[in-house]
Amino acid sequence: MTTTIVIQQPPQTQVVEVMNPREWSTGLFDCLGDLKTCCFAYWCFPCFACKTSKDYGEHLCLPLLDYFGWCVPPITLAMRVSMRHRYGIDGSLPNDCVLSSFCPVCIWCQMAREIEKRNAPVMIAAKTA
């Protein structure tokens, strides 16, 4: 007679720090905290933006339409505004326009970090006495 023991371990979870839900979870220039994302965005920005768009639930190739914009990249701006509204993050359209025009790579990195943090599985454990 053989006995089979099945051991199930809980899924790997991330420790999520308590943050103000009305603010971005990371700063615009916090790339050094996530070098993998920063390097991917720097070396292959179109691929990175497309992956981030897909992770957000939009069409994979949507960011490629930014190349048809004139001064303000329209998809970068629209994604940032959409993300602010979806997650309830404070901000303004003029601020988003300026950042989209002058810091698009940093904006996409910040949005990727936000998606990762907001969609991370959360496990709540209660301590009993």
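pLDDT is the predictor's confidence in each residue, on a scale from 0 to 100. This is a predicted model, in which local features need pLDDT of at least 70 and side-chain atom pairs count only at pLDDT 80 or more, while totals for chains, interfaces and linings use all residues. Residues are numbered from 1 along each chain as its sequence is written, and side-chain values use heavy atoms, with hydrogens and water left out.

The protein chain has a mean pLDDT of 86, and 83% of its residues reach 70 or more. Helices (H or I, at least four residues) are DSSP runs numbered from the N terminus. Among the elements of the chain, the lowest mean pLDDT, 92, belongs to helix H1 (residues 35–43), and the highest, 95, to helix H2 (residues 45–56).

Helix H1 contains Thr37. Thr37 counts as buried because its relative accessible area is 11%, where buried means under 20% (1.4 Å probe, protein chains only). Contact means heavy atoms within 4.5 Å. Leaving out residues up to four places away in sequence, Thr37 touches Phe48, Cys109 and Ala112.

Ser53 lies in helix H2 and is buried, at 0% relative accessibility. Beyond its neighbours within four places in sequence, Ser53 has contacts that include Met79 and Trp108.

Both of these partners belong to the largest nonpolar core, a core being a set of buried Ala, Val, Leu, Ile, Met, Phe, Trp, Tyr and Cys residues joined through side-chain atoms within 4.5 Å. Of its 19 residues, Phe48, Tyr56, Met79, Met83, Tyr87, Trp108 and Met111 touch the most other members. At least two residues each come from H2, helix H3 (74–87) and helix H5 (104–118), and H5 gives the largest share, six residues.

Key:
Buried < 20%, exposed > 50% of the residue type's maximum accessible area, 1.4 Å probe, protein only.
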